[in-house]
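I want to go through two interfaces here and jot down what turns up.

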Amino acid sequence: MRPSANIIPLAIVGLVVTGIVGFLVAIIFISWFSNPPFGLGNAPAQPIDFPHTVHAGSVEEGGVGIACEFCHRNVTEGAAATVPAVEQCVFCHQQINPENLVASASSSADQAQMQLVVDKFNDNDPINWERVHRIPDHVRFVHEAHIRFLTEGQPRTVAMPMGDGQPRQLPLTNQQACSVCHGDVASMNEVQPTGGQSLKMGTCVDCHRELNVGTDCTICHK
Amino acid sequence: MVTSRIDHKWGMVVDLDRCNGCQACVIACQVENNLPINDKNAFLQNRAYEWIRIERYWEGDYPNIKARFIPVMCQHCENAPCEPVCPVFATYHNDEGLNVQIYNRCVGTRYCINNCPYQVRFFNYWHPNWPERLQNQLNPDVTVRTRGITEKCTFCIQRLRRGQIQVERRAGGELNDGTLKSGNHMPACVQACPTNALTFGDQNDVHSPVKPYFEDVNRYNIHHEKERKTRGYRVLEEMNTKPNVIYLKKVDPNLGGGHHG
Amino acid sequence: MKLTRRNFLAWAGLSAVGAVACDVIQDEELSLQSPASLPEDLVKGRDNWYATLGGQATDGEGVIVRVMEGRAKKIQGNPKYPVNQGKQSVRSEAGLQALYHPDRISGPLQRTGPRGSGQYRSIQWEPEALDILRRELRARSQGMVLITEPLRGTLGMIADRFATSAGGRHLGFEALDDTTYRAAIKGVFDQDRLPDFDISNANYVISFGADFLSTWKGSTRLSTAYGEFRQGNKRQTQGSRGYLVHVDPRFSMTAANADEWLPIRPGMEGYLALSLAYVIISEGMQAEGVDVDALTNGQGAAALAAFAPEQIAGQLGIPEQLHEGKSAAEKIRDLASNFMHHGPSIALGGDSAGAHTNGQFNLMAIYALNYLAGSVGSGGGMRFSPESPLGNLADAATVGSAQDWAGVANDIRSGRTRMVLVHDANPVHGLPASMAFESALNREEVFIVSFSSFMDETTALADLILPDRVFLEGWGDDVPEPGPGYEVIGMQQPVVNPLSDLDPRSFGDILLSMAQEMGQESVLPWTSVEEALKSGAEALYNTGRGTSSHAASADDLWNMMLRQGGWWDENARGPVPSAPGGLLNNIAAQAREPGYSGNGDFYLLPFAHNTLMDGRLAHIPWMQGVPDPITTVTWQTWVELNSSTASQMGLREGDIVSVATDAGSISGVLYPNPALPPNVVAVPLGQGRKVGSEYATSGDSRESSNALDLLSAGHLTESGGLAWAGHRASVSGTGESLKIAKFEGIFPARQIGHTAGEAVIIVTNH
């Protein structure tokens, strides 16, 4: 039997196997180094187009400059930032136009969205927001403790693995503190999980170790 | 600001003379810690589990018969037999006296379950399923464990952590008996127990109600058991696992020929 | 296939590439719901804990509920609430699963098929559903019956007034009704409210039949007291541990915890109690200041001569082994002298002791002992709570007796009652089959409206279903009974809103709006329960007492009540009754031996299930999955027989046995219980549901039966309650067997730390 007769199918099998293995390796590498993997988990479609630019954007830029913690009320007090009740949307918009809630939004497109909010409120229906930022289910991240670290205490410079990796001058304002991880939400029409933010365990541990916060597994894992 | 940490060593005392076997702790634990619903099938296959369970033992024969109740939960041993056998270091002893299980490390070898003399580690044979609406109840502070990993009592570490952040990190106070109670940071079973059979506290805290019992039982080891001043004992003490749970013996005035009156 | 960590590991294992950390992500984590509005955002802070009441399952505990992002997560005892002081019963958390139960009725339904067929169509509240209700009320309200769970407080008052003003009546439903107990308390103490027992300060307690550590009224409060009774801080230093004697033909949870358990022939509890009274009087042991002459019309011990231990000891059936080597009569004398010499002492009774043809006599005889022991109104004794501080609040539930229900069934059959309103009560399951309540309701002439949140046997017969909000979603209040000895009003507030796919409406609000439309504004002037509660709070503010004395205004008081869970005034104590003249003569005159229905070999003792009660919590999976404390059985109806008796009959654990009485027969799984008296068969209530949630109805008829079907509807106590403990039954194997779903044995029984004597210390004197 001449060897050349079998070399072609063997080569094909070899190539296919190499291809599959290479493909898997590539997937794993990309998943490991890109965040979010393959761009999955980018801004999901929300039930209502809530423009953070209008609400949280500074007055100079045409927003109304509401502080983050005004709506995400629990963020300085507990683990979860929490999404505000529909009641809170209505409460503010009532101040703008007590007669007609829907007219409290300016453009007609916005009014259409506002109508949705008003309907939800009247029906006593919650708004099912889609989660944008998420950490794994087995990790406990306490917003309050981190915000306190970033916004309180003596002036100091701390190397921060989060964000651009540059050392930061602490304390920060609340809004600056939020943007360390969440990016400049006030300038996002649609909230995106900000690129470049690594949510790997090493990021957390590095910082905890550097600042002597404790690295017992149960500090973060629940 | 990062402040200095306060050293804790948590411990529990179970008074068997108070326990009446009502199972309130069992359900409180199940609710707090997202335990899967024990359906009938789980019982029929001997795979039902509870992080804290009430064991019932018969003693004597009718009509001189007694039922004894003993709540059994993870004993958080200092010399835990479960820890050295874990090939992936998913279980270890932390500096607060807790035996900790890190779920995302666990690969489900079940070595720890086999090595635990107290039978308080449990394996998830099934993916936990709740009807969609019941998922609203799940506690966001506790991981929902998937199929294939081991889990056990944590002394409600999520409550202790919440307490540490609220009381120690934020307010600069100390997590002691008073603040554990007032801030609702006691483990769910301790909080629920209608007869106050379960007591929880910090063995390092001089005012903690558990301290005298731990001191007494530590001072007189198993060979000097008779000299103990309290009713305290450790379960399977002869194995020297050094649990952070102490039991107080039940009192029975009618045993051993003694009669009431 | 969704990529989860487990799947990923499985694939990684197959392709031998290696594991890469991937996250456990639960679907529920991916979407967030924000509540439409947070109820009364009074508690600022991290997770919100709201104070409210624990609903029907807990018989009026005060609870706090953890709410995160509009979702209730945990129920705990309210530490400020005087009744349960931060503690909770095993049934407290059931409310969470009721709230998020997959089988909740989502909105109004109208029957389309024949009655009982389960064919319904969804309708709108406005105008359809309420129009039907309005129309039928106008046409049929005369003689109608409103059947609810036992209701107190504002809702009890609204139900009472609504039913009366519409020309009908309101009755609370409980399968094991407390009418006999109430009648006995009325007879001995002339009180309309049930007493509380200061067990924590007592040294000696004799309990007759009352399973007060498990399912009896106020069990959480009494359990807390029991803990103190055993090893309270004061007792540890003084070494005085409380001593509990439990007299009960069944080995209940309370019997298991007693220092001495005396199995007695069912129904003879009253004889034993009077015998104790005889010994106390004849030996002059009564407490100081007790006027024996007044109690016995001057006859002294002679009034009870017929109950001298020597006369009756032989009839009590207490096993000889428990006589401690003495005669049965001496044993009784010992018991009496211990009861008197180790005070403060309490005698309490209930449950099976009161469920006999002589039940009221039994309970009256038992409670009369408290006069002799001087423990009425004293520390370490029994005490009564005052009436509601607001005259119009119902401070005791109106519960119907078996006789009342038979009357209701007759009224429906005769056409006098043409409309039945039902709210969270299930009399079709909870009344003995022999009463044929189902066939009474199953008639075209009657219009049935159910306000229940879940489908059950009674609701399945309804023409119109108008689901109520569950207690975590609605307003209410409660005057706890038994109360803590002073004035308390508990507040129930909505802590979450109903989920968006549910559309329940408050039962109280519907009754109020119907009353207004029927021109009854004068009796029910409020438009909603909330408004009624607010007007109550205003009246409380005007009293200026208790919590009100700390409030700056009526609004302030309202907020305080919501924050702390109610209103109370520790200075407003209850009455201390004094004994009616000739009480013991009267009781002795009522004495008669219990009558048993049927002729089986065994005394049949049904009992309320530790978690399912009479079946009202059978749809809650947590409650089904909690092991029974004694047998550790779950999800099934078990039949308890003494182990030796069972083996003599050739029966083994798991055998399907049939239990039969004159009234009917059921089957269940045998659990040989080494502690049950050989002549007793005990069967828990709670299972045997045929209609409703899958959790309640999944068992087949061999392992899930309703013990109430064994009872004879005409076998009554003196006060018309069901004599449910006075039946005789026969037990036979069916040849089949099933694996018993029990917790015992899942973990190898190595009697942890319990080699003989290790976990028990022996004290030789008390």
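How many residue pairs are in polar contact between chain B and chain C? I get 36, with both residues at pLDDT 80 or more; a polar contact is a pair of N or O atoms within 3.5 Å, where within protein one must be able to donate a hydrogen and the other to accept it, and residues adjacent in sequence count only if both atoms are side-chain atoms.

Ground rules for myself: this is a predicted model, so local features need pLDDT of at least 70 and side-chain atom pairs count only at pLDDT 80 or more, while totals for chains, interfaces and linings use all residues. Residues are numbered from 1 along each chain as its sequence is written, chains are lettered from A and ligands numbered from 1 in the order written, and side-chain values use heavy atoms, leaving out hydrogens and water.

**Chain B against chain C**

Strand 3 of chain B gives the largest share of the side that touches chain C, with 8 residues. In contact terms (heavy atoms within 4.5 Å), 96 residues of chain B meet 112 residues of chain C. Chain B and chain C bury about 9000 Å² between them, 55% of it on carbon and sulfur atoms; buried area is the accessible area (1.4 Å probe) that two parts lose on being put together, summed over both.

I also checked salt bridges (a side-chain nitrogen of Lys or Arg within 4 Å of a carboxyl oxygen of Asp or Glu). The rule finds 6 across this interface. B:Arg133 forms a salt bridge with C:Asp501, closest N and O atoms 3.5 Å apart.

**Inside chain C: domain 2 against domain 4**

I find 15 residues of domain 2 in contact with 21 residues of domain 4. These two domains bury about 1300 Å² between them, 62% of it on carbon and sulfur atoms. C:His429, C:Pro432 and C:Glu457 supply 38% of the area that domain 2 buries against domain 4, more than any other three residues.

C:Glu457 turns up again in a salt bridge with C:Arg689, at 3.0 Å, N to O. Helix 14 (402-414) and helix 15 (427-430) of chain C each supply at least two residues of the domain 2 side.

Technical notes. Helix = DSSP H or I, 4+ residues; strand = E, 2+ residues; numbered from the N terminus.
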